[in-house]
Amino acid sequence: METTPPTPPPLRLGIDVGSTTVKAVLLDGDQILFEAYRRHNAEIRIELAGLLRDVSKVRPDAAARVAVTGSAGLGVSTQLKQPFVQEVIAETTAIQRLDPDADVIIELGGEDAKITYLKPTPEQRMNG
């Protein structure tokens, strides 16, 4: 008797926990069902809990694949028991998928700025 592997949930939830903000996006395929950007004022757990409550209102009974990123995301991913994706890897993968002709990524964060040159080979620079 053959068993079919379970189908992964169609929804994906990305959570970015940075030095000053928490962000989330809930996707069904490429369709955005929910997105939010909030300052956490050093109260990461409180703001993240409110954000997750708001996400759950969109599709209360749905399952989602979750990934966490950001400078404060590793601890959150551990507490939530969800995978952590390093933010530069996440953004590089997204840009290469969504805009394969892009040459450079510039990210301005709460405490630093990063520039990733994609061509001819990936190279990253960062300042504080």
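Helices and strands are here DSSP runs, numbered from the N terminus, with at least four residues (H or I) for a helix and at least two (E) for a strand. The model is predicted. Its open sheet consists of four strands in the order β3-β2-β1-β4, with mixed pairing, and its largest pocket holds about 1,400 Å³ of space.

**Sheet**
- The edge strands, each pairing on one side only, are β3 (31-39) and β4 (64-69).
- From one strand to the next, the twist averages 10 degrees.
- Strands β1 (residues 11-17) and β2 (residues 21-28) run antiparallel and are joined by seven bridges; I15 has A24 in β2 as its bridge partner.

**Helices on the sheet**
- Helix α1 (residues 44-58) lies across β1, β2 and β3, at about 160 degrees to β3.
- Helix α2 (residues 73-80) packs on the sheet and touches β1 and β4, its direction making about 145 degrees with that of β4.

**Largest pocket**
- The lining comprises 44 residues, of which D16, V25, T69, A90 and E91 are the closest to the pocket centre.
- At least two lining residues come from each of β1, β2, β3, β4, α3 (87-98) and β5 (104-108), and α3 has the largest share, with eight residues.
- The lining divides by class into 19 nonpolar, eleven polar and 14 charged residues.

**Second largest pocket**
- This pocket contains about 150 Å³ of space, and its lining includes L11, L52, R59 and V66.
- Two or more lining residues are given by each of β1, α1 and β4; α1 gives the most, with three residues.
- Nine of the lining residues are nonpolar, one is polar and one is charged.

Technical notes: Residues numbered from 1 in each chain as written. Predicted model: local features only at pLDDT ≥ 70, side-chain atom pairs only at ≥ 80, totals over all residues. Heavy atoms only, no water. Pairing = 2+ DSSP bridges. Axes fitted to C-alpha atoms, helices over the stretch in contact; angles between N-to-C directions. Contact = heavy atoms within 4.5 Å. 1 Å grid on protein atoms, 1.4 Å probe; cavity = no way out; pocket = protein on both sides within 12 Å on 5 of 7 lines; lining within 4 Å. Points joined across faces, edges and corners; volume = space filled by probe spheres on them. Nonpolar A, V, L, I, M, F, W, Y, C, P; charged D, E, K, R; others polar.
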